[in-house]
Amino acid sequence: MQGAIMVKEKDIWGVADAPVDGYASEGEMDTSKLVANQNRKKKKSGGFQVMGLSHNVYRGIMKKGYKVPTPIQRKTIPVILERRDVVAMARTGSGKTACFLIPLFERLKMHMAKAGARALILSPTRELALQTLKFTRDIGKFTGLRAAVILGGDSIEGQFAAIHENPDIIIATPGRFVHVCVEMELKLTNIEYVVFDEADRLFEMGFSEQLREIMARLPDSRQTLLFSATLPKMLVEFARAGLVDPVLMRLDVESKLSENLRTTFFKVNMEDKLAVLLYLLRCIIKPKEQTVIFTATKHHVEYLHMILEKAGISSTYTYSSLDATARKINVAKFQSKKVQCMVVTDVAARGIDIPLLDNVINYNFPAKSKLFVHRVGRVARAGRCGVAYSLIAPDEYPYLLDLHLFLSKSIRYASQEPKEEEEEDWNHIYGRAPQTLIDSEMDQIRQWHETSVDVDTMKQTTINAYKQYVKSRPPASNESIRRMKDEPLEQLMGFHPLLLTETSKQEKERNSMLEALKKVRPKTVNQ
Ligand code: AMP
């Protein structure tokens with residue numbers, strides 16, 4: 001008979017071991033798995049809710065503020081839940097930590113004092129181990145599982161004490177862990193889940209000896225996971241020896257963006273966006289190139305078109321409520337290359353075919369990562385190169401973080417000191433717009449407003465429309481909103497290399513001189 005087959009308690013969460021219509025224990029149906037299996041069949045790409053996670057783990061993920069799984073999470077979590085060994089090529093910033101923590105929580109389920117440690121996570125550095133501990137506490141909050149860290153540099157007595165408290169999870173750097181194992185004659189017989197995090201760095205830092213020693217102490221029945229940005233030969237050999245029939249997961253080969261597309265991001269306040277837009281169109285983008293500018297509302301379309309006219313930059317525009325004939329005429333102007341720019345909203349842009357587009361400017365950043373990919377998919381086609389410039393106001397920064405998770409890329413924050421290599425290769429860089437550049441464009445913009453009531457009224461309309469737009473915009477993930485407040489990187493980053501004009505270089509020098517002066521305190525005179 002197929003279906004209602006009973007499985008042992010320990011198999012409940014091992015999807016691979018349990019029958020599809022499995023019962024968790026006599027009379028108690030494991031509905032979460034049923035739903036997960038049904039959903040998996042129906043949906044190709046789902047959220048965390050279709051992974052069949054237990055309530056306490058799911059709560060932890062929601063509490064942490066993850067809205068949708070990142071691509072690497074979507075790909076690896078179901079396979080790890082099936083208890084397969086996995087080699088995953090993933091970088092920091094791709095959401096890799098949750099990839100191994102979520103299945104770990106599902107497997108260990110709850111604190112078991114008697115069993116001793118059942119999961120081991122090896123990290124190359126203290127910092128990474130401590131960050132993993134934080135994630136373990138955050139996401140695993142409702143499981144009651146206990147974690148301990150064993151790190152070089154900390155007091156060894158404290159670590160002995162931590163082990164005596166029977167943690168379920170040990171997060172360790174390899175050198176100190178081997179030391180503790182030897183000193184305490186630690187048996188690792190109950191470890192059933194092992195993670196080598198940033199495995200390439202573990203080897204680069206010279207831990208290969210310790211890693212082999214740890215491997216030798218672990219039971220053969222364990223599940224082993226290896227996360228690494230690169231896969232050098234040494235690591236392949238290590239995986240071959242220590243992992244059983246591993247599934248290799250690569251994300252780098254399936255980039256969502258064209259290889260010929262360069263993307264770049266500018267941090268700029270909403271009221272200064274126009275200045276940066278004009279600078280890009282005048283000084284960076286060549287007059288012959290064709291550019292589509294995406295905005296949030298039709299009012300922005302009209303306003304930007306007015307301004308571009310005043311600036312002598314040839315443009316046309318389209319939005320969905322524009323009458324059909326006008327739309328056709330306007331689009332034709334752009335298609336026949338009579339004008340350099342076309343200002344659009346997303347809805348209006350759908351279905352317009354522009355085969356040879358050079359640039360996209362996201363004047364307003366899209367709230368959905370898929371929309372970004374869709375917008376920029378219009379450039380760098382058919383072997384041509386292209387650039388996507390995005391202007392990021394502070395309220396749009398969480399969406400930029402979400403986009404990078406979606407693309408499995410980390411943001412390249414412009415360094416504070418201008419670097420030659422960044423000036424040459426600004427692909428994927430996120431940097432600030434210098435105030436001098438904004439001021440120089442603003443003088444002219446202000447004048448247009450003072451001399452035209454229409455322009456001024458239109459601007460006010462865009463401000464009101466933006467407020468409405470923000471209300472209807474889907475929110476970014478809570479974790480990205482939180483990161484916006486916590487991460488200092490954004491505040492510390494330097495000017496965008498593309499916007500570094502001679503005057504802005506002088507501005508930078510002046511700023512650092514002022515900073516230096518602030519630090520010089522007047523000497524107190526002894527009386
Ligand atoms: P990691 O690559 O694991 O270091 O994660 C990079 C950052 O992305 C961390 O701040 C995570 O909390 C965050 N993150 C990971 N997964 C998600 C997700 N699904 N949604 C939002 N943020 C996430």
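K96 and D197 are both buried. The two residues form a salt bridge, with the closest N and O atoms 3.0 Å apart. K96 belongs to helix α4 (residues 96–108), while D197 sits in the loop between β7 (193–196) and α8 (199–204). This pair links distant parts of the chain, as its members are 101 residues apart. Please keep in mind that this is a predicted model.

How many salt bridges does the structure hold? The count is 19. One of them joins E479 to K64, where the closest N and O atoms lie 3.6 Å from each other.

Another salt bridge can be found between the side chains of D138 and K134, at 2.9 Å from N to O. Both residues lie in helix α5 (residues 126–139), where they are 4 residues apart, or about one turn of the helix. D138 is partly exposed, with 23% relative accessibility, and K134 is partly exposed at 44%. Salt bridges with shared partners bring K64, K134, D138, E479 and R482 together in one network.

## The seven-stranded sheet

Now look for the open sheet, which is formed by 7 strands with parallel pairing. In what order do the strands come? The order is β5-β6-β4-β7-β8-β3-β9. At the edges are β5 (147–150) and β9 (247–250), each of which pairs on one side only. On average, neighbouring strands of this sheet are turned by 15° against each other, direction ignored.

V86 has L225 in β8 as its bridge partner. Helix α5 packs on the sheet and touches β4 (119–122), β5 and β6 (169–172). The direction of α5 makes about 175° with that of β5. Helix α9 (residues 208–217) lies across β4, β7 and β8, and runs at about 170° to β4.

M342 is found in strand β13 (residues 341–344). Why does M342 count as buried? Its relative accessibility is 1%, so M342 falls in the buried class. Leaving aside residues up to four places away in sequence, M342 touches T291, V292, I293, T316, Y317, T318, V331, F334, I352 and I354. Y317 is 25 residues from M342 along the chain, and the C-alpha atoms of these two are separated by 5.0 Å.

The last stop is T462, in helix α19 (residues 453–472). T462 is buried, with a relative accessible area of 6%. Which residues does T462 touch, not counting those up to four places away in sequence? They are H299, H300 and Y303.

Notes: Residues numbered from 1 in each chain as written. Predicted model: local features only at pLDDT ≥ 70, side-chain atom pairs only at ≥ 80, totals over all residues. Heavy atoms only, no water. Helix = DSSP H or I, 4+ residues; strand = E, 2+ residues; numbered from the N terminus. Buried < 20%, exposed > 50% of the residue type's maximum accessible area, 1.4 Å probe, protein only. Contact = heavy atoms within 4.5 Å. Salt bridge = Lys/Arg side-chain N within 4 Å of Asp/Glu carboxyl O. Pairing = 2+ DSSP bridges. Axes fitted to C-alpha atoms, helices over the stretch in contact; angles between N-to-C directions.
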